[in-house]
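Hello,

Here is the structure I promised to pass on to you. Please have a look at it first, and then read my notes below.

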Amino acid sequence: MLRRVLKKLHKKKVKKEYPNRFLAFYYRHKKRLNKERRSTYTKRKKKGVCVRCTNNVVPGIIFCSYHQKKQKQYNKNARKKS
Ligand SMILES: [Zn+2]
């Protein structure tokens, strides 16, 4: 009886389901992925490379001119919603 309960509990812990394998990968490697992302972000910031691509930044910000435009549009859309 007790054994059965323990087995069930164990199964529940192991079996975490995600909608697809990409999300599953993301959640399993979340810590490492976020660390990597953060470190490349700071490296790029220091080097003066756009954080979204490999072009040079517009002085004073973290984006190239293309992604600056994109970002402006994102912000506009975000402000409209709320
Ligand atoms: Zn860019």
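What follows is a short tour, from the whole chain down to a single residue.

This is a predicted model, in which local features need pLDDT of at least 70, side-chain atom pairs count only at pLDDT 80 or more, and totals for chains, interfaces and linings use all residues. Residues are numbered from 1 along each chain as its sequence is written.

The protein chain has four helices and zero strands; helices (H or I, at least four residues) and strands (E, at least two) are DSSP runs, numbered from the N terminus. Read from the N terminus, the order is α-α-α-α.

How much of the chain is buried? Of its 82 residues, 1% count as buried. Buried means that 20 or more other C-beta atoms lie within 10 Å of a residue's own, exposed means 12 or fewer, and partly exposed is in between, with C-beta atoms placed from the backbone.

Now to helix H3, residues 30-47. Its 18 residues should span 26 Å at 1.5 Å a residue, and its end C-alpha atoms are 26 Å apart, which agrees. (The expected span is 1.5 Å times one less than the number of residues.) The number of buried residues in H3 is zero, so the helix lies largely in the open. Lys-46 belongs to H3 and counts as exposed because it has 8 C-beta neighbours inside 10 Å. Just after H3, Gly-48 takes a positive phi of about 85 degrees.

Helix H4 (residues 65-81) has 17 residues and zero of them buried, so H4 also lies largely in the open.

Happy exploring!
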